[in-house]
Amino acid sequence: MRLSATLVLLALAVPGVGQAQGTRSCTPTDATRRIEARLQSVVDSIQRSAPAVPGITLSVVAPRLCLDWHGAAGVADRATKAPLSARHPTRIASNTKTYTAAAILRLMEMGKLSLDDPVTKHVPAADLASLRRDGYDLDRITIAHLLSHTGGLYDYAMDARFAPIIFRDPTHRWTRAEQVDSAVVWGAPYNAPGAGYHYTDTGYILLGQIVERLSAQGLAEAFRSLLHYDALGLRATWLETLEPRPATTIDLAHQYFDSTDTRGIDPSFDLYGGGGLAATTGDMARFTRALFVGGVYAKPSTITTMTTIPTGITGERAYALGIYRQQVAGEVLWGHTGFWNTFSFHIPTRDVTIAGTITLQGRSAVARALLTSAVEAVVK
C-alpha cells in the first residue's frame, strides 16, 4: 500500500523515550482547580441527563495546565448500586486496536517486519487457507493494509449473525480460527487490497497472531514488553482471561447491553487483537499520550508513520494505522473508540489527552457529548 507522505503533526514535541507519563510534577493553580470543577460538572450533568446510563468515568491529562484529573459518576453495578469510581476498569473493546498497531510498529522498529510485507510472510499458510479459498489475494494484502482496514477482509464482528450467537451461548470460548472462519462463511472480500476502506476486526486477529509469532510471546506478554507497561505505569491494563487481573486493580465495572449485564459473557468473542483489553480511563490516557510524547516508540518518526493516512481515505474519521483523526470542538484529535462506548484521544497541539467510558452500549451520542464537553472544558 502506498502511504501518503504529506501529513505532518503540528506542534508535536517528542521528549526522550521512556519519560514518565501521567505524573503531576507541578503545583495546581486556581485555574487548574476551576478546570477540574468543570470536568466533574461535565460528568455529573451528562450522567443526570442520561439516567439510563449506569455510570461514566473520565480522565484528562494536560501537563501544561498542571492537570492530571480522574472522575466518575453513577454506579458500577445496577444490582448493588455500588458507586462507580475512576479506579474501576472496563473492557475497552476496539481501543485495543491502537495497542495492537503500536506493538506491530515496535516490531517494525526492531527490524522484525516491514509494513509492506504480505500477510503470507508472517502467518502460516494453514491458518490462511480458508481466506484463500474465499478469494482473498493474500500475497498482496500487506501488514499496512491490515492496520489501516484497507485489505478488504470481511468483518465477522459486525455481521448481524455474530451478536445473537454470543447471547445464545455467552460462555462459549471463541478461538481465532472460529472468528476468521466466520468471516469466510458470512461474507466475501469487500475490495481488492488497497482499493477501499472497510473497518474490520478480522485483520486485527491476524495482526495479533503476527505479534505473537514475531515476539515469541503470548499476546498479553508481548503487549507488556513491547509497549513498556511498567515504565508507563499501566498498572490497571490487562488482556482479560489471557493474563491475571493486576493485583492492585479493583474488579471491572459492569457494562450493559440494553438491560443485559455483560459481565458473564466470555471475553473471547473480542480478545485476540481487535479487542480484549480491560483498563481504567487513567491508563488509557497515559498510553495514548505516551504514543505522542514519548515512552512507547524508540524512534520519534514512528508516530508519524502511525498517523499517516493512506491515500484515498477521507471523512470525518480518517483512519491511519490503528488510530484515527477527527475534529471535536475545533480541535484535531487522534485516538480510538470501542464498542462499549470507550474512547481515548490526544490533542497534539495542546498536549491534552482525554479518555472516557459510558457503561451502556449503544449510547454513542452520550459518549460524543462527554468527549466534546470535556474538550471544551479544558481548551476553551
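Biologist: Why is Cys 26 called partly exposed?

Modeller: Cys 26 has a relative accessible area of 35%, and since buried means under 20%, exposed over 50% and partly exposed in between (1.4 Å probe, protein chains only), Cys 26 is partly exposed because 35% falls in that middle range. Cys 66, at 6% relative accessibility, counts as buried.

Biologist: What should I keep in mind about the source of these values?

Modeller: This is a predicted model, in which local features need pLDDT of at least 70 and side-chain atom pairs count only at pLDDT 80 or more, whereas totals for chains, interfaces and linings use all residues. Residues are numbered from 1 along each chain as its sequence is written, and side-chain values use heavy atoms, with hydrogens and water left out.

Biologist: How do you know that a disulfide joins Cys 26 to Cys 66?

Modeller: The S to S distance of Cys 26 and Cys 66 is 2.0 Å, and a disulfide is defined as a pair of cysteine sulfur atoms within 2.5 Å, so this pair qualifies. The structure holds 1 disulfide, and the link of Cys 26 and Cys 66 is right-handed, with 120° about the S-S bond. The pair links distant parts of the chain, 40 residues apart, with Cys 26 in the segment before helix 1 (30-49) and Cys 66 in the loop between strand 1 (55-62) and strand 2 (67-74). Helices (H or I, at least four residues) and strands (E, at least two) are DSSP runs, numbered from the N terminus.

Biologist: What makes strand 1 and strand 2 a pair?

Modeller: Pairing requires that DSSP finds at least two bridges between two strands, and strand 1 and strand 2 have 8 bridges in the antiparallel sense, so they pair. They form a hairpin with 4 residues between them, and Cys 66 in the turn has a positive phi of about 55°. The bridge partner of Gly 55 is Gly 74 in strand 2.

Biologist: Why do strand 3 and strand 4 stand at the edges?

Modeller: An open sheet is formed by 3 strands in the order 3-7-4, with antiparallel pairing. Strand 3 (90-91) and strand 4 (237-239) each have a single partner strand, so one side of each is left without a neighbour in the sheet.
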